[in-house]
Amino acid sequence: MLEAGTIAPDFTLEDQDGQPVTLSSFRGRPVILYFYPKDNTSGCTTQAQGYTELKPGFDAKDAVVIGISKDSPASHRRFIDKQGLDLILLSDPDHKVNELYDVWKEKSMYGKKYFGTVRSSFLISPEGVILKSGEKVKPKLDPETMLKALDALQDTPGVPGAAGSDGDNA
């Protein structure tokens, strides 16, 4: 898994409407990037609903929340519509971005081994640097954890992207 201090690898994937979204297009804003296994499953729904419920807090910090799974753009659109979600969901069908972020790993269920997405999240600074990463995050707790990490970032003088820093966001 990519660690804090690493430059976030750039990528372009299709969103829930089939439109290309490039991570670097959000430079100048903090980004919460989270990887989840599958649309419309209990844990993934809980996590996405949590991010949607806390969206006003992320918006107040000018942060963008982006979820990524292997599901198709059409699946993402159905997931958003069914659950009333308000976030960007990107499709990574070949799990290339999962691999870039080192969250595509061997898993085991009922003694059977397979590869899949390990639920993970990253806080990326406005300059594109990973400031916080979490692996095997809890779906219910992850949105609040990331909002608190964003709050801490913006309250820390001298940290790029923080209030009172010497960066463009000061």
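Predicted model: local features only at pLDDT ≥ 70, side-chain atom pairs only at ≥ 80, totals over all residues.
Leaving aside residues up to four places away in sequence, Tyr 101 touches Met 1, Leu 2, Ala 8, Pro 9, Phe 11, Leu 23, Leu 33, Phe 35, Phe 122, Ile 124 and Ile 130.

Tyr 101 is among the residues with the most contacts inside the largest nonpolar core, together with Phe 11, Leu 33, Ile 68, Phe 122 and Ile 124. This core comprises 21 residues; the elements that contribute two or more of them are β3 (31-35), β4 (64-69) and β8 (120-124). A second, separate core holds 20 residues, including Cys 44, Ala 48, Phe 58 and Leu 85. In soluble globular proteins, nonpolar side chains tend to be buried together.

Now select helix α3, residues 73-83. Which of its residues are buried? They are Pro 73, Ser 75, His 76, Phe 79 and Ile 80. Viewed down the axis of α3, the buried residues fall within an arc of 160°, so they line one face of the helix. An α-helix has 3.6 residues a turn, so residues three or four places apart point the same way. On the other side of α3, Arg 78, Asp 81 and Lys 82 are exposed.

To see what covers the buried residues of α3, display β1 (12-15), α1 (42-53), β4 and β5 (88-91), which are among the covering elements. Just after the helix, select Gly 84, which takes a positive phi of about 65°.

Finally, colour the protein by confidence. The mean pLDDT is 89, and 90% of the residues reach 70 or more. Over residues 157-170, however, the pLDDT is below 50; in the model this stretch has 23 contacts beyond near neighbours in sequence.

Key. Residues numbered from 1 in each chain as written. Heavy atoms only, no water. pLDDT = per-residue confidence, 0-100. Contact = heavy atoms within 4.5 Å. Core = buried A, V, L, I, M, F, W, Y, C linked by side-chain atoms within 4.5 Å. Buried < 20%, exposed > 50% of the residue type's maximum accessible area, 1.4 Å probe, protein only. Helix = DSSP H or I, 4+ residues; strand = E, 2+ residues; numbered from the N terminus. Arc of directions from axis to C-beta.
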